[in-house]
Amino acid sequence: MTETIHTFNAWRTMSQSEISKYLQQTHDRVFEHNRAWAEEQKKRDPDFFAKLSAGQTPEYLWIGCSDSRIPAEQITGLGPGEAFIHRNIANLVVNTDLNVMSVINYAVRHLQVKHIVVCGHYGCGGVKAAMTPKDLGLLNPWLRNIRDVYRLHEAELDAIKDENERYNRLVEVSVIEQCRNVIKTAAVQQSYAKNKFPIVHGWVFGFEDGLLKDLKVDHEAMLHSIQKIYNLTE
């Protein structure tokens with residue numbers, strides 16, 4: 001019974017002993033995979049963990065969705081130490097969220113990442129929930145950030161008659177707005193003024209083909225457009 005239990009009803013048909021056994025098996029499986037992974041790394045490179053413990057110099061900061069189907073390193077081919085990762089529901093960059101702001105500050109000022117990627121995905125549950133006229137309790141203040149994105153792009157989105165296409169476009173414009181929020185930060189503006197990096201990118205992952213779509217965010221143009229009001233380079 002090591003396969004994933006997908007539905008709540010399946011749990012209801014299991015005895016207490018079966019549930020306990022399943023939970024132990026799924027716990028132990030992670031450690032089995034970890035040991036196998038560690039052995040494989042040592043076979044490929046006996047110095048792998050010595051190098052890993054020496055420190056990190058990632059080229060990328062990845063701000064992605066918490067969705068379990070989008071492992072950043074696997075879909076990009078990046079290895080340990082190559083990307084600094086932050087994930088939250090719907091890959092939002094909110095200026096009052098000390099978590100993401102601390103990540104950006106550390107990645108830019110201390111790790112000196114060269115690229116910041118905001119990566120959304122089609123079929124995002126957070127974006128879909130934000131399109132639903134429903135009280136979602138604790139999620140309301142978080143999802144309001146996506147609803148605000150809809151308000152900013154209301155004319156464009158309402159002109160899209162197909163609901164799925166409108167949903168996909170909201171995913172894209174939300175990623176673009178999160179890129180704008182990244183560029184508004186003092187750490188990014190000051191580093192770019194001094195070093196010409198990091199560059200901010202907006203990407204979207206598609207489940208149907210496994211490919212990343214580059215939204216072609218123009219970092220330089222976006223920076224100039226926001227600095228009349230949000231200039232923090234001084």
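The model is a predicted one, in which local features require pLDDT of at least 70 and side-chain atom pairs count only at pLDDT 80 or more, whereas totals for chains, interfaces and linings use all residues. Residues are numbered from 1 along each chain as its sequence is written, and side-chain values rest on heavy atoms, with hydrogens and water left out.

Although Gln112 is not a glycine, its phi is positive, at about 55°. Gln112 is placed in the loop between α5 (98-109) and β3 (115-121), the helices (H or I, at least four residues) and strands (E, at least two) being DSSP runs numbered from the N terminus. A positive phi, near 60°, is also found at Lys216, a residue other than glycine, which lies in the loop between β5 (212-214) and α11 (219-230). Lys216 is exposed, with a relative accessible area of 66%. A further backbone feature is the cis peptide bond from Phe197 to Pro198, with omega near 10°; Pro198 belongs to the loop between α10 (186-195) and β4 (199-205).

For the protein chain, the secondary structure comes to 11 helices and 5 strands, and the C-alpha atoms fill a box of roughly 65 × 50 × 30 Å along the principal axes. Of the 234 residues in the protein chain, 38% are buried. Among contacts (heavy atoms within 4.5 Å) with a separation of 6 or more, 62% are accounted for by residues 24 or more positions apart.

Helix α11 takes part in two of the helix contacts described here, with α9 and with α10. The axes of α9 (residues 163-183) and α11 come within 10 Å and cross at roughly 65°, axes being lines fitted to C-alpha atoms, for helices over the stretch in contact, and angles running from 0 to 180 degrees between N-to-C directions. The two helices α9 and α11 are therefore roughly perpendicular to each other, on a scale that assigns angles under 35 degrees to roughly parallel, over 145 to roughly antiparallel, 65 to 115 to roughly perpendicular and the rest to oblique. The contact involves Ile176, Cys179, Arg180 and Ile183 of α9, together with His219, Met222, Leu223, Ser225 and Ile226 of α11.

The axes of α10 and α11 come within 12 Å and cross at roughly 120°, and α10 and α11 are therefore oblique to each other. Here Val188, Gln189 and Tyr192 in α10 meet His219, Glu220, Leu223, Ile226, Gln227 and Tyr230 in α11. By class, this contact of α10 with α11 has 5 nonpolar, 3 polar and 1 charged residues, where Ala, Val, Leu, Ile, Met, Phe, Trp, Tyr, Cys and Pro count as nonpolar, Asp, Glu, Lys and Arg as charged, and the others, Gly among them, as polar.

Helix α7 (residues 140-152) has 13 residues, which at 1.5 Å a residue should span 18 Å, in agreement with the 18 Å between its end C-alpha atoms; the expected span is 1.5 Å times one less than the number of residues. Leu143, Ile146, Val149 and Tyr150 of α7 are buried, and the buried residues of α7 pack against α6 (125-130), α8 (154-158) and α9. An α-helix has 3.6 residues a turn, so residues three or four places apart point the same way.

Note on methods. Buried means under 20% relative accessible area, exposed over 50%, partly exposed in between (1.4 Å probe, protein chains only).
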